[in-house]
Amino acid sequence: MRNGKYILFWMLTVLVPINIYIVFYYAPVERTMGIVQKVFYFHVAAAWIGLLAFCVVFGASIAYLRRRQDRMNHLALASAEIGTVFISGTLLTGPLWAYPIWNTWWTWDPRLTTTLVLWFMYVAYLALQSGGATEARKRLSAVYGIIAFINVPLVFFSARWWRSIHPIVVSSDGIGLDGKMRLALFSSVAVFSLLYIYLVPLRMKSIALREQVRELKAELFR
Amino acid sequence: MPNFWGKVYLVYLKDLKDEIRSFHHLVGTLVFGVMLVFISSYALQLVESDTDRVFPAVLWVSVYFAATLALQRAFSKEHEKGSLDALLLASGDRGILFLAKFLCSLTVLLILEVVVIPLFWVFLGVSAPDLNMGFFFASLFLGSWGLAAIGTMLNGMTVQLPGARLLFPVLMFPLLIPLLMGAILCSQGAVSGEVQSTMGWVYVLLAFDFVFTITPLLLFDYVLEG
């Protein structure tokens, strides 16, 4: 496991430039949208990590309530922090594409609404977790992580019922993309996933260390 | 010994009595609600908007904000006096406490709405010639139900964390987005008299209320642990 971190680090050092090459040079420029379509590869990959991280928060929260291992709380917190960064990336890259294509920065489409609500719940979760890792705080954050996750499909389906203009590239009918573009999308999603897998343990470690420092300080100044 | 629902009823009565006796909290909430009516009606008349159309949205936004005060009472009173353990021992089940507190919060919200809505009607100048009264009350009830359920649960959480009171709306609002949509669209349907086309949103509200009454019930053992 110790080596895993270094292997991942070197893999990412090689793969991130390759991914950027694939996205910008290998995948063709989209005919009608032009170069701005390139943001799609990062946008979708970041959104994927945002959702994945939220699922991890949910799973780790349940595990924490069951077993009460601090490790599970650290996993949930680390995942939420990284998820927030990626979801913010999705929310920032979306308008860059939407303004030239839809002629508006923002619209209340179900995917956009759900992503924004997800971002708010992430931030609320982080606010709940911040400020002293007491037993009550860990337990209640886990409870919030669970309810927030249950809320995601409710937001999505009620918003979809209202209206939708967001392009659906990946659906149950397959993927509506040219082969080279598809490869670029897969490569982006894979690299972003690796990055997530690399970052989570690092962040967990630093959270655990922070807690240790806090405990030592409390002991020292008692 | 009363059975489960008997106990819920007893705790509910106790809380309602407490709410009426500690009058200043209820009055404070109501005055805040009236203030919201005044501010939003005043702001909207300045820009001369179509009141019948904006009324449902303004109403629910005001109810949400007033609820941040109204719903912060459920567990605060016990927490301040340190009597939560006694109440837990007496009732023997955390689900009973949740249901009773939830019903009390719902009652307070409904009282708030009874005060606020006629004022809205007057200050905003809502005409609503095709108003469907029954559907309007149904939308109010279902909307308040979900609001009270989530609020009660989150209040049970935030009282345990020092300084988390400020977080209450931050935690609550994102969870309430589907409810906000359903409640506003149902009220809109009632005000414009188009009940048939908005029936679907009643099911959204029902689904939301169901999910967020059952989930807190299941998780409440963890919320009030220790």
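**Helix α9 of chain B and beyond**

Analyst: To begin, α9(B) is followed by G193(B), whose phi is positive, near 75 degrees. The model is predicted.

User: How many residues of α9(B) are buried?

Analyst: α9(B) covers residues 177-192 of chain B. The helix is mostly covered. Of its 16 residues, the buried ones number 15.

User: What distance does helix α9 of chain B reach from its first C-alpha to its last?

Analyst: The helix has 16 residues. At 1.5 Å a residue, 22 Å is expected. The reach in the model is close to that, at 22 Å.

User: How many helices does chain B have?

Analyst: From the N terminus on, the elements run α-α-α-α-α-α-α-α-α-α. Chain B has zero strands. Its helices number 10.

User: What is the radius of gyration of chain B?

Analyst: The globule rule gives 17 Å for 226 residues. The value for chain B is close to that, so the chain is as compact as a globular protein of that length. Along its principal axes, the C-alpha trace spans about 55 × 35 × 30 Å. The radius of gyration is 18 Å.

User: What share of the contacts in chain B, between residues at least 6 apart in sequence, join residues at least 24 apart?

Analyst: Burial first: 45% of the 226 residues of chain B count as buried. Now the contacts between residues at least 6 apart in sequence. The share that joins residues at least 24 apart is 84%.

User: Which element gives the most to the largest nonpolar core?

Analyst: This core has 116 residues. A53(A), A76(A), V143(A), I150(B) and L176(B) touch the most other members. The element that gives the most, with 16 residues, is α6(B).

User: Is A76(A) buried or exposed?

Analyst: A76(A) sits in helix α3 of chain A. Its contacts, beyond four places in sequence, include V57(A), A60(A), Y64(A) and G145(A). The cut-off for burial is 20 or more other C-beta atoms within 10 Å. A76(A) has 27 C-beta neighbours inside 10 Å, so A76(A) counts as buried.

User: What is the C-alpha to C-alpha distance between A76(A) and A142(A)?

Analyst: A142(A) is one of the contacts of A76(A). The two are 66 residues apart in sequence. In space, C-alpha to C-alpha, they are 8.1 Å apart.

User: Which residues does A53(A) touch, not counting those up to four places away in sequence?

Analyst: A53(A) belongs to the largest nonpolar core and is among the members that touch the most others. Not counting residues up to four places away in sequence, A53(A) touches S79(A), A80(A), I82(A), G83(A), F86(A) and Y196(A).

User: How far apart in space are T93(A) and V39(A), C-alpha to C-alpha?

Analyst: T93(A) lies in helix α3 of chain A. T93(A) is partly exposed, with 19 other C-beta atoms within 10 Å. Beyond four places in sequence, T93(A) is in contact with V39(A), F42(A), H43(A) and A46(A). T93(A) and V39(A) are 54 residues apart in sequence, and their distance in space is 6.6 Å.

User: Where is N103(A)?

Analyst: N103(A) has a positive phi of about 70 degrees although it is not a glycine. N103(A) is exposed, with 8 other C-beta atoms within 10 Å. Its place is in the loop between α3 and α4 of chain A.

User: What is the phi of A128(B)?

Analyst: A128(B) lies in the loop between α6 and α7 of chain B. A128(B) is partly exposed, with 16 other C-beta atoms within 10 Å. A128(B) is not a glycine, yet its phi is positive, at about 40 degrees.

User: Which element supplies the largest share of the side of chain A that touches chain B?

Analyst: The contact takes 23 residues from chain A and 21 residues from chain B. On the side of chain A, α4 and α5 each supply at least two residues. That side divides into 18 nonpolar, three polar and two charged residues. The largest share, 15 residues, comes from α5(A).

User: Which element of chain A has the lowest mean pLDDT?

Analyst: Chain A averages a pLDDT of 87, and 93% of the residues score at least 70. Helix α2 has the highest mean among the elements, 93. Where pLDDT is low, the predicted coordinates should not be read in detail. The lowest mean, 62, belongs to strand β1.

Notes. Residues are numbered from 1 along each chain as its sequence is written. Chains are lettered from A and ligands numbered from 1 in the order in which they are written. This is a predicted model: local features need pLDDT of at least 70, side-chain atom pairs count only at pLDDT 80 or more; totals for chains, interfaces and linings use all residues. Two residues are in contact if their C-beta atoms, placed from the backbone, lie within 7 Å. Helices (H or I, at least four residues) and strands (E, at least two) are DSSP runs, numbered from the N terminus. Ala, Val, Leu, Ile, Met, Phe, Trp, Tyr, Cys and Pro count as nonpolar, Asp, Glu, Lys and Arg as charged, and the others, Gly among them, as polar. The radius of gyration is taken over C-alpha atoms; the globule rule is 2.2 Å times the number of residues to the power 0.38. A residue is buried if 20 or more other C-beta atoms lie within 10 Å of its own, exposed if 12 or fewer, and partly exposed in between; C-beta atoms are placed from the backbone. The expected span of a helix is 1.5 Å times one less than its number of residues. pLDDT is the predictor's confidence in each residue, from 0 to 100. A nonpolar core is a set of buried Ala, Val, Leu, Ile, Met, Phe, Trp, Tyr and Cys residues joined through C-beta atoms within 7 Å.
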